[in-house]
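Here are my notes on this model, point by point. Please read them with the structure open.

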Amino acid sequence: MARTPVAAFAVDDRACQLVWRSLPAGSRRLTLGVADIMVQSDGGPGATWVDGLPPDTVLEVGVDGRRVSAVRTRPALDGPVLARVATVSDLHLGELTMGRFPSIPDPPNLRCLEAALEEIVAWGADLLVVKGDVTAEGRA
């Protein structure tokens, strides 16, 4: 079964985060409904956040003019946003290796957490909940 090259990861009533495991390196045109987004790919994983979408609407996701999937935005909220809550989990800070095939000798756990925190701040979270497996066996 072929993987979808770009998929929706987080969806709310007027925004969506698109993610990908890999895209061909270079400038790529992503579309989400009428939104047109240019991203620079290094050939690896990536993500982009798209705002200003219509609520409760099915939107086609495209890569370089080719439809690859679809996503439905959530229905509009009944009132104003009162709080934004973000979560992180399974940080495994202090892990000595990461992955199985092959193992990564310099685990990027801290870099991943730093990138997540930057996105959380940019999103405007009011609260961050840190859930389970914060460290690897209690290592510093």
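Is Glu60 buried, exposed or partly exposed, and what is its relative accessible area? The points below start there. Note that the model is predicted.

1. Glu60 and its partner. Glu60 is partly exposed, because its relative accessible area of 47% lies between the 20% and 50% cut-offs. Glu60 forms a salt bridge with Arg67. Their closest N and O atoms are 3.3 Å apart. Arg67 is also partly exposed, at 49% relative accessibility.

2. Salt bridges in total. The structure holds five. The Arg67–Glu60 pair is one of them. Two others are taken up in the next points.

3. Asp64 and Arg28. These two form a salt bridge, with 2.9 Å between the closest N and O atoms. The pair links distant parts of the chain, 36 residues apart. Asp64 sits in the loop between strand E6 (58-63) and strand E7 (66-72). Arg28 belongs to strand E3 (residues 26-32). Asp64 is partly exposed, with a relative accessible area of 39%. Arg28 has 16% relative accessibility, under the 20% limit, so Arg28 counts as buried.

4. Arg29 and Asp36. Here too there is a salt bridge, and the closest N and O atoms are 2.9 Å apart. Arg29 counts as partly exposed, at 34% relative accessibility.

5. Thr31. This residue is in strand E3. Thr31 is buried, because its relative accessible area of 17% is under 20%. Beyond its neighbours within four places in sequence, Thr31 contacts Asp36, Glu60, Val61 and Gly62. Two of these names have come up already: Asp36 pairs with Arg29, and Glu60 pairs with Arg67.

6. Length of helix H1. The 15 residues of H1 should span 21 Å at 1.5 Å a residue. The end C-alpha atoms of H1 are 21 Å apart, which agrees.

7. Which residues of H1 are buried? They are Asn109, Leu113 and Ile120. Seen down the axis, the buried residues of H1 fall within an arc of 35 degrees, so they line one face of the helix. In an α-helix there are 3.6 residues a turn, so residues three or four places apart point the same way. The cover over the buried residues of H1 includes strand E8 (85-89) and E9. The face turned away from the buried side carries exposed residues: Arg111, Glu118, Val121 and Ala122.

8. After H1. Gly124 comes just after the helix and takes a positive phi of about 90 degrees. Asp126 lies in the loop between helix H1 (109-123) and strand E9 (127-131). Asp126 is exposed, because its relative accessible area of 56% is over 50%. Asp126 still touches Leu82, Ala83 and Arg84, leaving out residues up to four places away in sequence. The C-alpha atoms of Asp126 and Trp49 are separated by 19 Å. Those two residues are 77 residues apart along the chain.

9. A nonpolar surface patch. Which residues form the patch? They are Leu117, Leu128, Val130 and Val134. Together they have about 270 Å² of accessible area. Val134 is in the segment after E9. At 34% relative accessibility, Val134 counts as partly exposed.

Definitions and conventions:
Residues numbered from 1 in each chain as written. Predicted model: local features only at pLDDT ≥ 70, side-chain atom pairs only at ≥ 80, totals over all residues. Heavy atoms only, no water. Helix = DSSP H or I, 4+ residues; strand = E, 2+ residues; numbered from the N terminus. Buried < 20%, exposed > 50% of the residue type's maximum accessible area, 1.4 Å probe, protein only. Contact = heavy atoms within 4.5 Å. Patch = residues over 30% accessible without salt bridge, like charges linked within 9 Å, V, L, I, M, F, W, Y side chains within 5 Å. Areas by Shrake-Rupley, 256 points an atom, 1.4 Å probe, with all protein chains shown as cover. Salt bridge = Lys/Arg side-chain N within 4 Å of Asp/Glu carboxyl O. Expected span 1.5 Å × (residues − 1). Arc of directions from axis to C-beta.
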